[in-house]
Amino acid sequence: MASVEELENELKGLEQEYEAAYTGKDRHTVDLGPLRELIAKTDKAIRSLESLGALTAGESASALHKAMTDRKAFFEREEVLIKSAKDMGPAFERFATEGTSANFAFDRYVRHFAGQSRDTRDLGLLKELIEELKGIKKRMLAVGGKKIPEALERDVDIVTQNIERYQVEEREIPKAQASGTVEEQADRLAMLANQQFAIYQKFFAGQSRVTRRPGLLVRLLDNLKRYRAAMFELKSKGLNSEDNTGNIGIVDGRIQAYEKELAEIRKVRSQIKLSDIMGSLGGAANELFEEYRRDFAGKDRTAVSLEQLFDLVDKLDEIRRQMEELGRVEKNETNAKNLVIVRDYQGSWVREFQSVKAAQANPALAAKG
């Protein structure tokens with residue numbers, strides 16, 4: 001009977017087999033045979049682990065069992081995608097790219113909204129996610145046409161369902177933020193404005209204007225203008241608060257500063273060729289990769305900063321989205337290659353974020369990244 005350690009090594013071997021046979025290859029060109037063997041081997045390993053029993057397997061068995069079942073589900077999903085790719089042909093890869101972008105949007109929603117109080121959430125971000133998913137759905141349908149396999153029609157349905165779900169939240173968040181006494185609302189608006197100031201510091205302060213996404217700064221400005229209007233409305237309702245009056249002045253000042261910065265970003269980018277902006281985005285991505293290697297690679301998951309990793313995922317997402325947007329305007333081979341790398345990194349960081357979060361919630365089951 002295999003030990004837990006032997007089964008851990010077997011899982012690593014299965015992952016290496018997958019990498020060798022499928023990574024970097026177009027799904028419509030690969031053979032399903034090796035993948036089906038991997039599914040069978042993974043299923044056998046899961047049964048071997050389950051046969052050990054709780055006492056024999058020890059504490060680490062639970063984490064290993066989840067890793068195995070997750071990997072089996074991944075292999076099974078890949079089998080579905082490969083079958084669909086063979087039905088669709090070369091167009092599948094473009095469809096799959098949109099699916100990956102949708103998954104990144106779902107991830108942002110989960111990290112920024114799921115399980116959190118509506119009155120503290122960023123309505124502008126939610127609106128942006130909705131518009132992003134609408135664009136993804138439109139491109140999915142345009143790529144697939146009438147040849148979308150049944151399995152991939154479900155992907156389009158998932159995008160539609162999430163759009164509808166987010167639209168419900170879009171209606172509920174303003175209600176939550178307008179609840180409570182006028183004093184409570186004033187405090188909440190101050191907190192929400194401070195959140196936008198923090199986003200500016202993380203994503204714009206000290207950064208090259210060439211690589212900054214104008215749409216993000218537009219989102220911040222829209223949020224701040226909405227908060228300023230709500231602060232004025234509280235005054236009209238009779239709130240006599242020096243803090244609220246002072247906050248209106250602070251928000252006004254930031255709006256003016258951010259509008260000037262937005263104009264500068266647009267001016268700088270308008271004077272540079274798209275190919276050069278794409279190259280700068282590749283350089284910005286490399287800086288994030290280096291930060292990850294320095295602060296996370298091989299480190300104890302219970303000792304790293306979950307907040308820093310959260311921000312790294314969002315920063316890389318900003319770069320990826322710009323690469324995709326510019327790539328739709330102008331074809332560029334280097335940008336296309338960089339996009340593949342950035343998507344791979346973002347996918348691995350999303351998974352690592354969940355692993356770090358789980359490890360910090362249960363340090364006994366932690367491992368190194």
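How many helices and how many strands does the chain have? And which residues of helices α8 and α10 make the contact between them?

Modeller: This is a predicted model, in which local features need pLDDT of at least 70 and side-chain atom pairs count only at pLDDT 80 or more, while totals for chains, interfaces and linings use all residues. Residues are numbered from 1 along each chain as its sequence is written, and side-chain values use heavy atoms, with hydrogens and water left out.

The chain has 13 helices and zero strands, where helices (H or I, at least four residues) and strands (E, at least two) are DSSP runs numbered from the N terminus. Its C-alpha trace spans about 75 × 50 × 40 Å along the principal axes, and 44% of its 369 residues count as buried, meaning under 20% relative accessible area with a 1.4 Å probe and protein chains only (exposed is over 50%, partly exposed in between). Among contacts between residues at least 6 apart in sequence, 78% join residues at least 24 apart, a contact being heavy atoms within 4.5 Å.

Now to the part you asked about. Helix α8 covers residues 182–203, and it packs with α10 at an angle of about 25°, the two axes lying 11 Å apart; such axes are lines fitted to C-alpha atoms, for helices over the stretch in contact, and angles run from 0 to 180 degrees between N-to-C directions. From α8, the contact is made by Ala-186, Ala-190, Ala-193, Phe-197 and Tyr-200, and from α10 by Asn-244, Asn-247, Ile-250, Val-251, Arg-254, Tyr-258 and Glu-261.

Not counting residues up to four places away in sequence, Leu-192 touches Asp-119, Thr-120, Arg-121, Gln-177 and Tyr-227. Val-168 is 24 residues from Leu-192 along the chain, and their C-alpha atoms are separated by 20 Å.

From α10 (242–270) the picture extends to helix α11, whose buried residues pack against α10, α12 (306–329) and α13. Among those buried residues of α11 are Met-278, Leu-281, Leu-288 and Tyr-292. Met-278 is in turn one of the residues in contact with Asn-335, together with Met-323 and Gly-327, leaving aside neighbours of Asn-335 within four places in sequence. Asn-335 lies in helix α13 (residues 333–361) and counts as buried because its relative accessibility is 2%. A polar atom of the Asn-335 side chain lies 3.1 Å from the backbone oxygen of Met-323.

Another buried residue is Phe-104, with a relative accessible area of 6%, in helix α5 (residues 91–112). Phe-104 and Asp-317 are 213 residues apart in sequence, yet 7.9 Å apart in space, C-alpha to C-alpha. Besides Asp-317, Phe-104 touches Arg-320, Arg-343, Gln-346, Gly-347 and Val-350, not counting residues up to four places away in sequence.

Conventions:
A polar contact is a pair of N or O atoms within 3.5 Å; within protein, one must be able to donate a hydrogen and the other to accept it, and residues adjacent in sequence count only if both atoms are side-chain atoms.
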